[in-house]
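Trainee: Let's go through this one piece by piece. I'll ask, you answer.

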Amino acid sequence: MTDGHIHIERGAYTLDWIDKFVNRAVETGLDEIRLLEHNYIFEEFAPMYDAVRAYSGYVDAWFRRSAGIHKLSDYLELMEKARSKQFPVKVRFGLEVCYFKEFEDFVCELTRDKGFDFLLGSVHFVDDFAFDHKPEHWAGLNIDKIYRRYFEDSISLAKSGLFDGIGHPDAIKLFGHRPSYPLTGYYESLAEDLSKSNMYADQNSGAARRCPETATLGMDKELLGILKRNNVKIITSSDAHCPEDVGYKIKELSSLIESF
C-alpha cells in the first residue's frame with residue numbers, strides 16, 4: 001500500500017516533522033510514502049510564474065503569500081538527513097512540478113542530478129488560468145476550450161521526458177465542470193504517451209477530499225480503464241498537505257484500480 005503524493009510544506013524542515021507523516025502512515029497500514037513539495041515553494045522556480053501572476057491578481061496575491069519560502073538546497077539537505085535514518089515504512093522524496101511547456105529546459109536544468117527519487121509533473125494552469133483554486137473563477141469561461149487545452153498540455157507533459165509520473169491527470173473536473181464532447185480520444189493519446197515514456201499516473205483522492213460534492217474519487221473510470229489497457233502503472237495517493245490526511249481513501253482507490 002502506497003501513498004504516492006504527500007506535501008510537507010506546512011511544517012519546518014525537520015526529522016520530527018517527517019516522523020509525523022511516517023507515524024500516520026503506520027497507523028493507516030501503508031508500506032511506502034512519497035513526500036514532495038510544490039516547486040513554487042522554492043525561490044529558484046519563481047520565473048516560471050510571471051505569466052500566471054500577470055493574468056490574475058488573485059494568483060499574484062496567492063503567489064506572494066505561498067511561494068519562494070525556501071531555497072531548493074533547504075529541501076535537498078532535509079532529504080539527506082532523512083535518508084540517514086531508518087523508518088518503519090519506505091520513504092521517498094520528490095518534487096511536484098507545475099508543467100509549462102516553455103519551461104521544460106528550465107525545469108530540467110534545476111532538477112537534474114539533484115538526488116530526487118521521483119519527479120511528478122502536474123498541470124495546474126491552463127493558458128495561465130488557475131483552474132483549481134476557486135469555482136467562481138470559472139464563471140463565463142469556455143469550458144470546452146479549457147478542457148481541450150488541459151489535455152493538450154497533459155499530453156505534452158507526458159512526451160517531455162522530464163517526469164516519472166503525472167499528477168492527478170484529470171484534476172480539471174474538480175469543480176464538476178464537464179465538456180460537451182467525449183474525452184476518449186484525449187484519454188487514449190495521454191495513455192499512449194505515458195506508456196511510451198514509462199511514466200505512472202497518480203490515482204489521487206485529494207479532489208474528493210476538497211470538493212466532495214463535485215469531485216469523484218480518483219480518476220474518471222473511462223480514463224482509468226484506458227490507462228490500464230495501455231499498461232500504465234497507477235500509484236495511489238492522498239495529496240495530503242498535513243499528517244492527518246496521509247492514507248486518505250487509499251484502500252478505496254486501490255479497489256477502483258483492481259476493478260478493471
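**Cysteines, a strand and some aromatics**

Trainee: Where is the closest cysteine sulfur to that of cysteine 242?

Mentor: In cysteine 211, at 16 Å, which is too far for a bond. A disulfide here is a pair of cysteine sulfur atoms within 2.5 Å.

Trainee: What am I looking at, and what went into the values?

Mentor: This is a predicted model, in which local features need pLDDT of at least 70 and side-chain atom pairs count only at pLDDT 80 or more, while totals for chains, interfaces and linings use all residues. Residues are numbered from 1 along each chain as its sequence is written, and side-chain values use heavy atoms, with hydrogens and water left out.

Trainee: Back to cysteine 242. Buried or exposed?

Mentor: Cysteine 242 counts as buried, at 17% relative accessibility. Buried means under 20% relative accessible area, exposed means over 50%, and partly exposed is in between, using a 1.4 Å probe and protein chains only.

Trainee: New topic, strand E6. How many of its residues are buried?

Mentor: Five of the five, residues 200-204, so E6 is largely enclosed by the rest of the structure. Strands (E, at least two residues) and helices (H or I, at least four) are DSSP runs numbered from the N terminus.

Trainee: Which side chains of E6 point which way?

Mentor: Tyr200, Asp202 and Asn204 point one way, Ala201 and Gln203 the other, and all are buried.

Trainee: What does E6 pair with?

Mentor: E6 runs parallel to strand E5 (residues 165-166), with two bridges, and parallel to strand E7 (residues 234-237), with four bridges. Strands pair if DSSP finds at least two bridges between them.

Trainee: Which helix sits in the unit with E5 and E6?

Mentor: Helix H7 (residues 184-196), and together they make a right-handed β-α-β unit. Right-handed means that, with the strands pointing away from the viewer, the path from the first strand over the helix to the second runs clockwise.

Trainee: And the loop between H7 and E6, what is in it?

Mentor: Asparagine 198, among others. Asparagine 198 is exposed, with a relative accessible area of 70%. Its C-alpha atom is 8.2 Å from that of lysine 233, 35 residues apart along the chain.

Trainee: Which residues of helix H9 are buried?

Mentor: H9 covers residues 221-229, and its buried residues are Leu223, Leu224, Gly225, Ile226 and Leu227. They pack against H7, E6, E7 and helix H10 (250-258).

Trainee: What caps the N-terminal end of H9?

Mentor: Aspartate 220, with a side-chain oxygen 3.0 Å from the backbone nitrogen of glutamate 222. Just after H9, asparagine 231 takes a positive phi of about 60 degrees. Asparagine 231 is in the loop between H9 and E7 and is exposed, with a relative accessible area of 70%.

Trainee: Where is histidine 133?

Mentor: In the loop between strand E4 (118-122) and helix H6 (143-159). Histidine 133 is buried, with a relative accessible area of 18%.

Trainee: What is histidine 133 in contact with?

Mentor: Leaving aside neighbours within four places in sequence, Tyr58, Trp62, Phe175 and Arg210. Contact means heavy atoms within 4.5 Å.

Trainee: How many aromatic pairs are there?

Mentor: A search of the whole structure finds 21. One of them is tyrosine 75 with phenylalanine 93, edge-to-face, 6.4 Å centre to centre and 70 degrees between the planes. Rings of Phe, Tyr and Trp (its six-membered ring) pair if their centres lie within 6.5 Å; planes under 30 degrees apart count as stacked, over 60 as edge-to-face and the rest as tilted.

Trainee: What does that pair tie together?

Mentor: Tyrosine 75 lies in helix H4 (residues 72-83) and phenylalanine 93 in strand E3 (residues 90-98), so the pair ties together parts that are 18 residues apart in sequence. Tyrosine 75 counts as buried at 0% relative accessibility, and phenylalanine 93 is buried at 1%.

Trainee: Which residues form the aromatic cluster?

Mentor: Tyr40, Tyr49, Trp62, Phe63, Phe100, Phe103, Phe106 and Phe125.

Conventions: A polar contact is a pair of N or O atoms within 3.5 Å; within protein, one must be able to donate a hydrogen and the other to accept it, and residues adjacent in sequence count only if both atoms are side-chain atoms.
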